Amino acid sequence: MYLLNALGNATFENYAGIEGFTEMAYQMSAHVLTVGYAVMLAALFYFVLTIKTVAPKYRISSVLSVVVMVSAFLLLMIQQQNWTGAFEFNADTQRYVLGNANDLFNNGYRYLNWLIDVPMLLFQILFVVTLTSSKFSSVRNQFFFSGTMMIVTGYVGQFYEVTNPTLFFVWGFISTLFFVHILIVMKKVISEGQQGAPEGAQRYLGMIWKLFFVAWMLYPGAYLMPYLFSLSLEPSLSETAVVARHITYTVADVSSKVIYGILLTLTAQEMSKADGYDYEKMESAI
């Protein structure tokens, strides 16, 4: 098959690592991955410290944000260590090359993180908005099923991104079907949630939909990254494609987890004020 069969179904980052990465490409990837988990840790403190700024009935959303941040911080930190451990500097070529075939770089850590986080990210909004016609349990089950299946099928597909493009695209297409279903359900949830909500909450919910749509669209782009830099049906093994994928995944993770969670907190604060719970006034009265 493509290049060296010895690597089997390893991701294209490892195949690109045979030729090696320049100092800039290697360090940019390492730094982007570091920023990714550092942001999750910083956001963890934000969500912990703002739990009491929303009424008790909305706080489960903040609790889920805390859980998401802990999961993302730990697994993305392992992902960064996986990157620095998989490649070593070659003094002769002045490049970072694949150092140990038994310790390959693996995007599977991201998928494990998403398998934990995606259902909770989708559940979060259900504890902030009021559904006017859809049943809570029905929407929750749809989110859980499609969210889980989207991640599992994408996880399977990424193993074939170099060795079998047909399976890579087939599994990616199946994953996309679940992704589209999530978009449809989320749009419905937000539209229903805006009905009767305070003006400020409606504005934030509109921002959440735009963010959700754009941020989640980045994931299929990162999945397809090896082929976005290729002019053939074989993946590009360029370091540019590798760095671009790291950046895309990191931007998507920060947007869909941290910024999304902050907007949900702001929405819950507006809903709380409408319910008569104004944390700022309560604090000033003490």
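This is a predicted model: local features need pLDDT of at least 70, side-chain atom pairs count only at pLDDT 80 or more; totals for chains, interfaces and linings use all residues.
The residues lining the largest cavity split into two nonpolar, three polar and two charged. Here Ala, Val, Leu, Ile, Met, Phe, Trp, Tyr, Cys and Pro count as nonpolar, Asp, Glu, Lys and Arg as charged, and the others, Gly among them, as polar. The lining itself is made of Leu 33, Gly 36, Leu 76, Gln 79, Arg 110, Thr 250 and Asp 253.

Residues are numbered from 1 along each chain as its sequence is written, and side-chain values use heavy atoms, with hydrogens and water left out.

Back to the hole: its volume is about 40 Å³. A cavity is a set of points on a 1 Å grid over the protein atoms alone where a 1.4 Å probe fits but cannot get out, and lining residues have an atom within 4 Å of a point. The volume is the space filled by probe spheres set on the points, which are joined across faces, edges and corners.

H9 (residues 239-274) also packs against H7 (residues 199-223), at about 165° with axes 9 Å apart. Axes are lines fitted to C-alpha atoms over the stretch in contact, with angles from 0 to 180 degrees between N-to-C directions. The two helices are therefore roughly antiparallel (over 145 degrees).

How values were computed: Helices (H or I, at least four residues) and strands (E, at least two) are DSSP runs, numbered from the N terminus. Angles under 35 degrees count as roughly parallel, over 145 as roughly antiparallel, 65 to 115 as roughly perpendicular and the rest as oblique. On a 1 Å grid over the protein atoms alone, a cavity is a set of points where a 1.4 Å probe fits but cannot get out, and a pocket is an open set with protein on both sides within 12 Å along at least five of seven lines; lining residues have an atom within 4 Å of a point.
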